[in-house]
Amino acid sequence: MTSLNPVYRVGDQIVEQILAHQQISKDAAGRRAVELLRQVGIPNPERRVDAFPHQFSGGMRQRAMIAMGLSCNPDILIADEPTTALDVTIQAQIIELIGRLKRDFNSAVILITHDLGVVAEIADEIIVMYAGRVVERAQKRDLFYDSQMPYTWGLLGSIPRLDQPRPGAARLDRRRAAVADQPPARVQVQHALPARLRQVRRGAAAREPRREAGPPRPLLAVGRGQARAPRRDHPRRGRPRLSANGSAPLVEVRSLRKYFPIKKGVLQREVGRVHAVDDVSFAVREGETLGLVGESGCGKSTLGRCVVRLLEPTEGEIVFDGRAIGKLGTRALRPLRREMQMVFQDPYASLNPRKRVGSIIGTPLKIHGVPKAERRQRVQELLETVGLSPEHYNRFPHEFSGGQRQRIGVARALALRPRLIVADEPVSALDVSIQAQMVNLLEELQEQFALTYIFIAHDLGVVRHVSDRIAVMYLGKLVELSPAEELYTRPIMPYTEALLSAVPIPDPDLAERRERIVLQGDVPSPIDPPSGCRFHPRCRYMTEVCREVEPPLTDYGNGHLAACHHPLNVDAETLARVTAAPETPDEAREDVLPADTSGPSHPVTPP
Amino acid sequence: MGAFLARRLIGMFFVLLVITFVTFAIFIVVPGGDPATRMAGKNPSEQGIQNIRETWGFDEPFYTQYGKMMEKTFNAMRPGFDDPNNELISYSRRENVVDQIKQRLPATFSLAIGAAIIWLAFGVAVGMISAVRAGRLSDRMITILALIGISMPVFWLGIIARYYLGPENAGIFPDGDYVPLTQDPIGWFYHLLLPWMVLAVLFIGFYGRVLRSNILDTINEDYVRTARAKGLGPRRVLSKHVLRNSLIPIVTLFGLDFAGVIGGGAILTETVFEIDGVGQYAARSIRTLDLPPIMGVTILGAFFIVLFNVIVDLVYAYLDPRIRPT
C-alpha cells in the first residue's frame, strides 16, 4: 500500500518512469500516463493523474502501480503479492485486470502470492517454494489435482474452503488416495510444517496400518460436530452453563450507532459525520461464535470496539450479561474488562516492542490486582495454554514469528479469563499454514474456556470455518445475519452473493465453471452514504425502490435475516409470508436473537 | 487555509497573553523585584520610594499594571504613534524599550539568518553523506565530529575561536563587533562570519544526526524500492524520493530553532562576540531586573516562536500533500 511515494502525484510518478527509459517529450509521457490509467480501469484518468496516492483507494493505488509497471511495455511483469492487502471484491477486480492485461500487452506475468485461490484463478504454471528452494514445479491442474509434494498438500489442506461445508472430507479423501499410490518423496519438509501434517506417511509406511496414529488429519480441526461436543458440560468458574435452548444472550446490541464527527473551520464546527456503524442490532449467545464480515471501511472493527467499549457508542445500547454497558464510565467498566477482551489484527504492531512477553501478558493481571508472585505463574500457564513455552516469559516480541506473536496476543486476551473475546482479524496478517494453526488454537480455547467469540474477518473462508452464525456488514449496516452454513449455500442479500463469488477458490476446474460477480468500484464514503439501500449503486439487481426506500432487516425463517428488496434464494411461500406480516420494531428485535440451533436447520417451513 | 490561519492567529493571541502574564507575575514574586526600591537609588527615603510608586503607577493593583504595560507595548507598534507618556520605558535607563529592541534587531537578524543558512546547508549535507555511507569509516568520523560539535558549549568555542583566529593570533577574522549591512556589506559579512559558524556548529551536528536516521528509515520504505525498480539512478532516488520525505521532521526543528535564536537564543554568541543584539539587551536587562525590556524581548521571542510554528505547518503541507486541507 505504500509502494507509491506519498508526496508526488500519481501521474508524475508514472511519467518519471517513462522519461527514465524512453526518449519522448514530457507532454507525450503525460498523455501516455493518462492512457495507462485508463487501461488499468481508473475512472476519469484525465483528472485522476493529478491526484496524490492518498486520494486513491487501495484498489486504485494497486491499479496505478500496475500502470507504472506496464508503462514501458515490459516483457515480464513481476507482481509481488498484488492482492494481499486488498478486500476480496477488490482482489477480484485486480485478478481480472491482470488477466486482461496479460493478453492486451502480451507480457509474461510472474505472480508471487501465498494465496492458492489467486493462483488457481490466473496461473498457467506454478512453482512452490519452501525454505529457499523450489520444491515443486507443475502445470496448474497437475499441481492442484495430482501434486507430488507433501508440502503442497499441506498448503492445499490448510485453506479453509468456501465451496465446501468445512475443510472438505471429499477432497481429503482424494488426496489420501493419492498418498497411497505415489512413490515416496525425497524432499524433507518436516521441520517447519505443523505437527499434525507430520503424521502423513507415504508409500510403504502409509500402506501399513498405523492404527495408533490414526488416519492423516487435515491441518484444520475437522467440523465442529466432534470438536465442540465436550464443551457443553464444561463447568465455567463454577457457574452452571445455560442450557443451549432458550439461553439468554451474552451480548446484545440494540440499534447501535457510532458516528465520528468531521470538524472544520475556525471554531471546529461539526460539518459532517462518518457513519461508521449505523443502526445495528444483533445478539450473541454464550459459547457461540458470531462471524462479522464485510469489505474494509464497512464498520466491522468499529462495531467490535464498541462492543468491548473501547469506543463509546453514539446511540443505541449494548447489553452484556443482562447489564446495559453502552454509557458506563471508565470506572464502572473496569470490572467488566475482565469479562471481555480483544485480540487484535496485526501481531507485529499490537505488541509493544519494548516490553517483555511476561509484562505484556501480565499487565491485565496487574491492573486487576493479582499479586506479583502469582502473576508470573499465571502468565507461564497462559503461555503454555496458547502453545508457547514458559521460558518465553522474559523475551521480547521481536524474537517471535508472526504466529507466535499472535499467540501472545491471545494469551494476553485470555489472562483475565474473559467470557467474550472480540477477535478483530486475528489471522489476516498470518501465512496460510499459520492461519490454520491459529484458528485451531482459537477453537480449542473456546472449548476449554467456554468462550464466546465475535470473529471479525474479511476472509470468508476462515469465517465459515469458525462461526456458528455470520453477520454481513455493508457501510455501517447489518445487511444479512444467518447461520453459517446457510449463508454460503443460500445467500439472500446480493452483496453477500457478490462477496462469496469474489473469493478465489483453490480449485481450477471449479473456478472456471462458476460465474463470477465482480463488483465495480469501491465502497462509497460513509460520510455521505447512498440513499435507500446503501448497496444499490453497486448492485446488479438494483431497481427504483432500492434507491428510495431503505430495506428493513427481515426474517426469512431459521434465524436468517437480510435487508434487501430483491432477496435471492427465497421461495415464493416464504416471500409471501414475509411481505404479508409487516413487522413492528419490537418484533424485529426479537428476530435478531439467534434461533434455536438444535432444531432442523433446513428448509424453511411456512407457519 | 483561511480558517487554518485564523485559528492559528487566535491561538497566537492566547499564547502571548499567557506568556506575558507569567513573565509579569514572576516579577511580583521574585525577591528584590520591587522596581520602586531599585529606582530610588542608594539610601532612599520612604517618601522618595512612595513618590516613584505613584508616578510610575506601582501602587495600582497588579492587573491594572499588567494591562497598562500591555497597552504601552502595543502602542509603540501602532503606525504613526508618538506619545512619550504612553510608551514602554525601561526602569533603569529610562529608554523606550521598543526603540531599543528595534535598533538591535538588524544585528540579531543578521546573526540568526546567516547562521541558519549555514547550519541548514551543512546539516543536510552532513546528514546525507553519513546516511549514504552509513556504517563505513566516513560515517563514523562524521558521527564523532557531530557529537563533538553538539557537546562544545558556544561560549567556550566562541572564545577559543575568537582568540586563536582573531587578530591576536592568526589574524584571519576581525575581533567581534557588528558592522551594519547598509554601511559596509563586506565588513558586515567579514565580521559576522566567525559568529555564524560558532553558532551553527551545534545545530549542524544535531541536524546531521537527525537527518541521518530519518534517511535511513525512509530508505527502507516501499516507495523507495519502487523508485529503484523503475530504473532511476541512486542519486535521483536519494534526492527526489528519499530526501523530501526525510526533511519533514527537520522542518519542525528548524522552525523552532530559528525562532528561538531570534528571540534571544543567541545571547551567548552575541555576548562573546560583542554584538549588540537583542540577546545582549535581554542579558543586561535581566542583570538589573528591569521588567519592561524583559517583557519586550519575551514578547518578541514568543511571537517568533508562534509565527514560525505556523510557517512550519504551511511548509509541512507543501512537503506532504496528505496533510493539506481538502
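User: Which residue stands opposite A:Leu292 in strand 13 of chain A?

Analyst: This is a predicted model: local features need pLDDT of at least 70, side-chain atom pairs count only at pLDDT 80 or more, and totals for chains, interfaces and linings use all residues. Residues are numbered from 1 along each chain as its sequence is written, while chains are lettered from A and ligands numbered from 1 in the order in which they are written. In strand 13 of chain A, the residue opposite A:Leu292 is A:Ala471.

User: In which sense do strand 7 and strand 13 of chain A pair?

Analyst: Strand 7 covers residues 289–293 and strand 13 covers residues 469–474 of chain A. Strands (E, at least two residues) and helices (H or I, at least four) are DSSP runs numbered from the N terminus, and two strands pair if DSSP finds at least two bridges between them. Here there are 4 bridges, and the sense is parallel.

User: Which are the edge strands of the open sheet in chain A?

Analyst: The sheet has 8 strands in the order 10-11-12-7-13-14-16-15, with mixed pairing.

User: What percentage of the residues in chain A is buried?

Analyst: Chain A contains 24 helices and 16 strands. A residue is buried if 20 or more other C-beta atoms, placed from the backbone, lie within 10 Å of its own. Of the 607 residues in chain A, the buried share is 43%.

User: Which helix of chain B gives the most to the side that touches chain A?

Analyst: The contact (C-beta atoms, placed from the backbone, within 7 Å) takes 15 residues from chain A and 18 residues from chain B. Helix 1 (2–29), helix 9 (222–229) and helix 10 (234–265) of chain B each supply at least two residues of that side. With 4 residues, the helix of chain B that gives the most is helix 9.

Note on methods: Contact = placed C-beta atoms within 7 Å. Buried ≥ 20, exposed ≤ 12 C-beta atoms within 10 Å, placed from the backbone.
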